[in-house]
Amino acid sequence: MIISFFGHSDYLYMRKNDEKIADKKTILDYLEKLVGDKKCDFYLGLYGDFDYFAKECCQEYKKTHQNCKMIAILPYLTSKYCLDDYDESIYPPIEKCMRKFAILKRNEWIVENSDYIICFIKYTFGGANKAIEHARKKKKIVFNICNKTY
């Protein structure tokens with residue numbers, strides 16, 4: 001099972017501390033219901049507030065669920081990343097894409113290779129929203145923690 005995460009890069013500015021705590025609980029409860037003790041890979045981005053928040057949630061989940069792996073999905077080969085917190089990294093087959101489209105193409109690859117998507121989408125513009133639109137076209141199961149909708 002592969003679960004990916006998408007959300008707005010300004011997530012931390014949009015949410016009060018008590019809302020972030022509630023969002024983390026929502027994600028952890030959803031993962032418990034969905035994954036339990038099954039084998040699971042978490043596909044994570046490396047940019048923006050929600051990516052960091054999702055990473056924290058996955059780290060917490062992994063503390064009690066050893067069958068999960070955190071995988072950083074890289075948009076660029078030429079950038080240096082701190083990958084210490086991840087179990088592995090993947091560079092999808094997007095090397096022929098222009099650099100300015102790399103994150104968009106990486107996100108499309110993540111969607112196409114995911115079974116479930118957890119997101120925080122509040123407004124209808126930006127890269128996270130484009131990824132979720134792509135996910136819906138591909139008939140992926142999407143759970144938006146912003147309004148707790150599927």
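Tutor: Rolling a probe the size of a water molecule over the atoms shows where empty space is left. In this case, which is a predicted model, the largest pocket holds about 280 Å³ of space.

Student: Which elements give two or more residues to the lining of the largest pocket?

Tutor: They are β1 (2-7), α4 (102-112) and α5 (127-137). The largest share, four residues, comes from α4.

Student: How many residues line the largest pocket, and which lie nearest its centre?

Tutor: The lining has 18 residues, and G7, S9, Y47, G127 and A128 lie nearest the centre. Sorted by class, eight of the lining residues are nonpolar, eight are polar and two are charged.

Student: Now the charges. How many salt bridges does a search of the whole structure find?

Tutor: Side chains of opposite charge can pair when their charged atoms come close. Here the search of the whole structure finds nine salt bridges. In one of them, the side chains of E60 and K24 meet at 3.6 Å, N to O. E60 lies in helix α3 and K24 in helix α2 (residues 17-34), so this pair ties together parts that are 36 residues apart in sequence.

Student: Is E60 buried or partly exposed?

Tutor: E60 counts as partly exposed because its relative accessibility is 34%.

Student: Which residue forms a salt bridge with K55?

Tutor: K55 pairs with D85, and the closest N and O atoms are 3.0 Å apart. K55 is in helix α3, whereas D85 is in the loop between β3 (68-73) and β4 (88-90), so parts that are 30 residues apart in sequence are tied together. The two partners can also be read by accessibility: K55 counts as buried at 14%, while D85 counts as partly exposed at 37%.

Student: Which residues are linked with R15 in a network of salt bridges?

Tutor: R15 is linked with E19 and D23 in such a network. Between R15 and E19, the closest N and O atoms are 3.8 Å apart. R15 is buried, with a relative accessible area of 13%, and E19 is partly exposed at 26%.

Student: What about D51, which is buried yet has no salt bridge? Where does its nearest side chain of opposite charge lie?

Tutor: That side chain belongs to R106 and is 5.1 Å away, whereas a salt bridge needs the nitrogen and the carboxyl oxygen within 4 Å. D51 lies in helix α3 (residues 49-62). A polar atom of the D51 side chain lies 2.9 Å from the backbone nitrogen of Y47. Y47 has already come up, as one of the residues nearest the centre of the largest pocket.

Terms used
Residues are numbered from 1 along each chain as its sequence is written. This is a predicted model: local features need pLDDT of at least 70, side-chain atom pairs count only at pLDDT 80 or more; totals for chains, interfaces and linings use all residues. Side-chain values use heavy atoms; hydrogens and water are left out. On a 1 Å grid over the protein atoms alone, a cavity is a set of points where a 1.4 Å probe fits but cannot get out, and a pocket is an open set with protein on both sides within 12 Å along at least five of seven lines; lining residues have an atom within 4 Å of a point. Grid points are joined across faces, edges and corners, and a volume is the space filled by probe spheres set on the points. Ala, Val, Leu, Ile, Met, Phe, Trp, Tyr, Cys and Pro count as nonpolar, Asp, Glu, Lys and Arg as charged, and the others, Gly among them, as polar. Buried means under 20% relative accessible area, exposed over 50%, partly exposed in between (1.4 Å probe, protein chains only). Lys and Arg count as positive and Asp and Glu as negative; His and the chain ends are not counted. A polar contact is a pair of N or O atoms within 3.5 Å; within protein, one must be able to donate a hydrogen and the other to accept it, and residues adjacent in sequence count only if both atoms are side-chain atoms.
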